Amino acid sequence: MCIEKTPWEQVIDFHGHTCPEIALGYRIAQIAKRELGIQPGLEPEVIVTADTHSCALDAFQIINRATYGRGNLQVEEKKLHVYHFQKKGLPEELQISLRSEILEQLVSTEEHLSTREKQNKTLEAIRMILSTEETLFCTIQRG
């Protein structure tokens with residue numbers, strides 16, 4: 001018997017581990033999918049431009065089927081967690097920007113923590129990312 005994996009499990013399998021930035025990407029990819037009305041299909045429907053290289057990009061590859069190889073995943077390095085989504089064939093762009101308060105909660109310089117404490121902080125960060133009310137998590141602009 002074959003059990004189908006959830007989108008979250010697929011993203012984690014592709015990325016190779018669980019981390020806060022993959023959770024960011026997962027959440028942003030799901031928001032973009034909803035806002036653009038992207039339906040599952042054979043052909044990728046969305047073009048993604050990210051303003052930073054991060055683990056979040058792996059989630060876009062799974063959820064939005066945007067990849068470097070297909071040319072519909074691009075990075076313009078500005079070191080900002082701002083992501084632009086455009087449904088192919090439509091002029092309108094969706095911009096999703098992570099709120100600075102979310103990023104501030106993820107910055108950790110506590111190198112003195114034990115491995116277990118670091119794992120717990122990672123899990124806390126992932127829970128926060130996945131459960132924060134959307135209006136407190138990001139801003140969504142259409143243009």
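This is a short chat about a predicted model of one protein chain.

Student: What am I looking at, and how are residues numbered?
Tutor: Numbering starts from 1 along each chain as its sequence is written. In this predicted model, local features need pLDDT of at least 70, side-chain atom pairs count only at pLDDT 80 or more, totals for chains, interfaces and linings use all residues, and side-chain values use heavy atoms, with hydrogens and water left out.

Student: How many helices and strands are there?
Tutor: The protein chain has 6 helices and 5 strands. These are DSSP runs, numbered from the N terminus: helices are H or I with at least four residues, strands are E with at least two.

Student: In which order do they run?
Tutor: From the N terminus, α-α-β-α-β-β-β-α-α-α-β.

Student: How much of the chain is buried?
Tutor: Of its 143 residues, 41% count as buried. Buried means under 20% relative accessible area, exposed over 50%, partly exposed in between, with a 1.4 Å probe and protein chains only.

Student: New topic. Where is Leu-36?
Tutor: Leu-36 sits in helix 2, residues 20–36.

Student: Why does Leu-36 count as buried?
Tutor: Because its relative accessibility is 12%.

Student: Which residues is Leu-36 in contact with?
Tutor: Leaving aside neighbours within four places in sequence, they are Val-46, Phe-85, Gln-86, Lys-87, Leu-94 and Arg-142. Contact means heavy atoms within 4.5 Å.

Student: And how far apart are Leu-36 and Ser-97?
Tutor: They are 61 residues apart in sequence and 16 Å apart in space, C-alpha to C-alpha.

Student: Last one. What box do the C-alpha atoms fill?
Tutor: Roughly 50 × 45 × 30 Å, along the principal axes.
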